[in-house]
Amino acid sequence: MRGRRWTPLVVVSALLLSACGGGNGSTWKGPGGSAASPAGPKPVVSAPADGAKDVSTATEIVYTAQSDATVTLKDASGATVEGAPSPASASSSAPPSSSPSTAWLPAKQLKYATEYTATVTAGGATTEVKFTTMAKPASLSRVTSQVGDNQVVGVGMMMILSFGVDIPKDKRADVQQHLFMSSDPPQEGTWNWFSSKEIHYRPKEYWQPGTKLSLRAALGGVSFGGKWYGEKDLTVDASVGKRLIMEVDNATKQMTVTEDGVLLKTMPVSLGKASSPSDSGNFIVMVKNEWEWFDSSTYGVPVDSGEGYRTKVQFPQRITWSGQYIHAAPWSVKDQGKRNVSHGCVNISLELAQWLYGITHIGDPVIVKNTEARVKYGDGWTDWELPWDQYKKGSAL
């Protein structure tokens, strides 16, 4: 049965992202770490411009230097601002030039309406710029993450950010440039604008078990279009659990559960009947609860009609927004492994549902195949429905 309705980054190493924490202080020495020559051309600071006003509180210090450089940033009171080289610039795949532009990123959002002094020193020469940040905007929008700090997620989980307002297309590249995502060990991945209010980061292949994930969304003060600006920065540190994969085959009416390539269990299932077939597709577990009320009226079927119901369901694990779940269905045990009788969900026994609930994480892959219908892209976190080359096109960069 169906439940109620619910509503470039190149991957860089975690070491680079953790540098934003400022553990080595706010003065950064460029690659090589050797002492600079006393005679050399002055570094050029291209952003912010000297004397600039209304600078975003998410600004980076962008400069060009002929040799190793140090960057120091201080506010009007003389207090030093922690920071490090921007992970985005440090991970650039572009070929090096004789004097590449480099970005230095403050470890946290700058203060509003505050004057700062940035000093860049290279080859014994120094360039200093002063700039003033913008006043606090009247309209601030919060950004939230579907992945929580210290959460263990499945190998198929995306980093998902939700915006409180629609981000217009002409603002998405700038917003994306302020998203610093890393994995340890490093794995190829990309951001994809899933909708105007949601952006996902997916690896090319499932995450390796045990991967450490780190995100800094440096969006405090970033323009979201119109009157809206990002309210504050957001950081997330999470980890990936074991490679747990559930595969449901309508041809055999069986589900196989594997962990790190080892078969744990094969179980009989009953899928959606002919009038309400289950969708095939590449899903992940989005929500899991010990129980939920399933109510047909939430998708337009009155409870008191022939096809209506309101039932308390045990151990539901949601895989689509339209109401496709894996859940306990003791009423269909006699049909499981033989015929399809559900309203679209994957029915299993109470005992097996409890066992499965106890070992899964949000983000564990669920593969359903050989049914009469295919999931509509966007009905759930269906990122794995797209081949990699197509998925990359969803990036704004």
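**Entry 1: Trp388 and Tyr391**

I began with Trp388 and Tyr391, and both are buried (under 20% relative accessible area with a 1.4 Å probe, protein chains only; exposed is over 50%, partly exposed in between). This is a predicted model, in which local features need pLDDT of at least 70 and side-chain atom pairs count only at pLDDT 80 or more, while totals for chains, interfaces and linings use all residues. Residues are numbered from 1 along each chain as its sequence is written, and side-chain values use heavy atoms, with hydrogens and water left out.

Trp388 and Tyr391 form a stacked aromatic pair, 6.4 Å centre to centre with 20° between the planes. For the ring terms I used these cut-offs: rings of Phe, Tyr and Trp (its six-membered ring) pair if their centres lie within 6.5 Å, and planes under 30 degrees apart are stacked, over 60 edge-to-face, the rest tilted. The two residues are three apart in helix H5 (residues 388–391), so about one helical turn separates them. Helices (H or I, at least four residues) and strands (E, at least two) are DSSP runs, numbered from the N terminus.

**Entry 2: other rings**

I found 10 aromatic pairs in the structure. How are the rings of Trp191 and Tyr201 arranged? Their centres are 5.1 Å apart and their planes stand at 70°, so I noted the pair as edge-to-face. Trp191 belongs to strand E15 (residues 189–195) and Tyr201 to strand E16 (residues 198–203), 10 residues apart. Trp191 is buried at a relative accessible area of 0%, and Tyr201 is buried too, at 1%.

Phe163, Trp193 and Phe224 make up one aromatic cluster. I also looked for charges over rings (NZ of Lys or CZ of Arg within 6 Å of the ring centre and within 35 degrees of the ring normal). Lys288 lies over the face of Tyr357, 4.4 Å from the ring centre, and Lys312 over the face of Trp291, at 4.3 Å.

**Entry 3: cores**

I next checked the nonpolar cores, meaning sets of buried Ala, Val, Leu, Ile, Met, Phe, Trp, Tyr and Cys residues joined through side-chain atoms within 4.5 Å. The largest has 67 residues, and those with the most contacts inside it include Trp191, Phe224 and Met255. A second, separate core of 18 residues includes Ile61, Tyr63, Ala69 and Val129.

What does Met255 touch, leaving aside neighbours within four places in sequence? Its contacts (heavy atoms within 4.5 Å) include Met246, Val248, Met267, Ile326 and Leu356.

**Entry 4: strands**

I counted five helices and 32 strands in the protein chain. Strands pair if DSSP finds at least two bridges between them. Strand E21 (residues 244–249) has five of its six residues buried, so the rest of the structure largely encloses it. Six bridges join E21 to strand E22 (residues 254–259), running antiparallel, and Met246 has Val257 as its bridge partner in E22. The two strands form a hairpin with four residues between them, where Lys253 in the turn has a positive phi of about 60°. E21 is also joined to strand E31 (residues 365–369), in parallel, by four bridges; there Val248 partners Val368.

I then traced an open sheet of four strands, ordered E12-E20-E17-E14 with mixed pairing. E12 (152–153) and E14 (179–184) are at the edges with a single partner strand each, so one side of each has no neighbour in the sheet. E14 pairs with strand E17 (residues 212–217) in the antiparallel sense over six bridges, with Asp184 opposite Lys212.
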